[in-house]
Amino acid sequence: MPEKRISVLLVEDNPGDARLIKEMLSGPAYFGVAYQLSHDETLNAAIQTCSNNHFDIILLDLNLPDSTGLETLESLYGLFPQIPIIILTGLNDAELTLQSVQHGAQDYITKEECTSQLLTRVIHYAIERKRIEAQLKHLATHDPLTALPNRALFYDRLGQATKHTIRKNTGGLNWKAAVMVMDLNNFKWINDSLGHEIGDKVLRQLAPRLRGCLRQSDTVARLGGDEFAFILEGIQDQTDCIFVVQKILKSLNEPNILNRDDYRLSASIGISIFPDDAEGIDLLIKYADKAMYAAKRQSDPFRFYMNSE
């Protein structure tokens, strides 16, 4: 009995070819898996199906009634980059094979060479490569200690957030985005007095608390050491920021991570607003950082950036 079932979307407009693929995947269960096949004949139908269902892999013919060539692949991969795609086509073209891989396909099979054993092996390897690719991407974009986004991913998401805000502000709307930089106060004392293992424990346990203070559309990242940064999208004024800041500050000690009555975590938070304070992401981070240090100097829990600073 197969141990695993793989969900496959076949995008193929030729009834004869589609029937052959279905027969190949209904044969012996190579690699200890069985295949659950769905079939669409057009790109638009495939997009709708992928939007409403989970698939482990897509088998794609590039030439469909409503799309041809690499545009077919680009459209599907652009919308569903997490799903591995195998090109299944009648064209034996070495250049097209290379271009397909460059545009996101995991593999390329010509229909004339396709057999049940070859197809199932290619499916298995494509899924495994995509899994490893996702792992490597996560390692490159996330902090290994806290699993939060790292500095590189934070910059990328901040760039996206400013673009989203600009697009939303058509028709006279006035949405904003905020950057908040947070530094834990006296965290060096924890490392020096209690040890780096305890310091790491604090950071690991703090991460899910910080995520829990945000909406799904917002971001919290670890920039390094005891410094965290936040992106708040879809805000209207400073009041929205203050509401989130209060949740963050409250989360630091509820419950007390260190289980010590003589030490409670505290933080200093600096805030800059897009587009009021700056439009470039480097300046937004710089201004939030300056506001954070101003808050720390004055023993304030948070501070908004002011031009005079």
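**View 1. Ser 299 in the loop between helix 10 and strand 10.** Ser 299 is placed in the loop that runs between helix 10 (281-297) and strand 10 (302-304), where helices (H or I, at least four residues) and strands (E, at least two) are DSSP runs numbered from the N terminus. Its phi is near 55 degrees, a positive value in a residue other than glycine, and Ser 299 is exposed, with a relative accessible area of 66%; buried means under 20% relative accessible area, exposed over 50%, and partly exposed in between (1.4 Å probe, protein chains only). The model is predicted, and local features need pLDDT of at least 70, side-chain atom pairs count only at pLDDT 80 or more, and totals for chains, interfaces and linings use all residues. Residues are numbered from 1 along each chain as its sequence is written, and side-chain values use heavy atoms, with hydrogens and water left out.

**View 2. Ala 147 in the loop between helix 5 and helix 6.** Ala 147 lies between helix 5 (116-141) and helix 6 (151-168), and its phi, near 65 degrees, is a positive value in a residue other than glycine. With 40% relative accessibility, Ala 147 counts as partly exposed.

**View 3. The loop between helix 9 and strand 9.** Pro 255 is found in this loop, between helix 9 (238-251) and strand 9 (267-274), and a cis peptide bond with omega of about -5 degrees joins Glu 254 to Pro 255. Leu 258 lies in the loop between helix 9 and strand 9 and, at 13% relative accessibility, counts as buried. Leaving aside neighbours within four places in sequence, Leu 258 is in contact (heavy atoms within 4.5 Å) with Ile 190, Leu 194, Ile 198, Val 202 and Tyr 263.

**View 4. The cis peptide bond at Pro 275.** A cis peptide bond joins Phe 274 and Pro 275, with omega about 0 degrees, and Pro 275 has its place in the loop between strand 9 and helix 10.

View 5. Five strands, in the order 7-8-6-9-10, form an open sheet with mixed pairing, two strands being paired if DSSP finds at least two bridges between them. Strand 7 (219-224) and strand 10 stand at the edges, each with a single partner strand, so one side of each is left without a neighbour in the sheet. Strand 7 pairs with strand 8 (residues 227-235) in the antiparallel sense over five bridges, and Arg 222 stands opposite Phe 228 in strand 8.
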